[in-house]
Amino acid sequence: MNALTRAATTQAPRVAAAARAQSTLPLGKFKEPSFSKTWLMDAGTYPIMVVVGVASVGWMGFLSYKCAYCPSVRITSKTRGQVIRTWK
């Protein structure tokens, strides 16, 4: 444990000094990349977009199905106070 504590206390000042030395951009010169440059120009993000799209279609379809066909979902004001009995 002493070796770990000693390593952490001796490495932390070096890491902070290296981070200060690497930040050579003056303030105000950094421009945030656009959405199209970040997401659409990189082929590695296409699988992420496909997974998010399929998941979105899935939950919207499931929500629509439950709202339309599940007897426990009450949307209209006339049916909100009714007792749900499916064993009749």
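Helix H3 gives the most to the nonpolar patch, with four residues. The model is predicted: local features need pLDDT of at least 70, side-chain atom pairs count only at pLDDT 80 or more, and totals for chains, interfaces and linings use all residues. Residues are numbered from 1 along each chain as its sequence is written, and side-chain values use heavy atoms, with hydrogens and water left out.

**Fold and confidence**
- The protein chain has three helices and zero strands; helices (H or I, at least four residues) and strands (E, at least two) are DSSP runs, numbered from the N terminus.
- The order from the N terminus is α-α-α.
- Mean pLDDT (the predictor's confidence in each residue, from 0 to 100) is 78 for the protein chain, and 64% of the residues score at least 70.
- Where pLDDT is low, the predicted coordinates should not be read in detail.

**Surface**
- The protein chain exposes about 8200 Å², with 66% of it supplied by carbon and sulfur atoms; accessible areas come from the Shrake-Rupley method with a 1.4 Å probe, and for residues only the protein chains shown count as cover.
- Of the 88 residues, 1% count as buried, meaning under 20% relative accessible area.

**Nonpolar patch**
- Phe35, Trp39, Leu40, Tyr46, Ile48, Met49 and Val52 make a nonpolar surface patch of about 660 Å².
- Patch residues have over 30% relative accessible area and no salt bridge, and nonpolar side chains (Val, Leu, Ile, Met, Phe, Trp, Tyr) are joined within 5 Å.
- A salt bridge is a side-chain nitrogen of Lys or Arg within 4 Å of a carboxyl oxygen of Asp or Glu.
- H2 (35–40) and H3 (46–69) each supply at least two residues of the patch.
- Val52 is found in H3.

**Thr45**
- Thr45 is found in the loop between H2 and H3.
- Thr45 counts as buried because its relative accessibility is 9%.
- Thr45 touches Thr38 and Trp39, not counting residues up to four places away in sequence; contact means heavy atoms within 4.5 Å.

Notes: Patches are made of residues with over 30% relative accessible area and no salt bridge: like charges are joined within 9 Å, nonpolar side chains (Val, Leu, Ile, Met, Phe, Trp, Tyr) within 5 Å. Buried means under 20% relative accessible area, exposed over 50%, partly exposed in between (1.4 Å probe, protein chains only).
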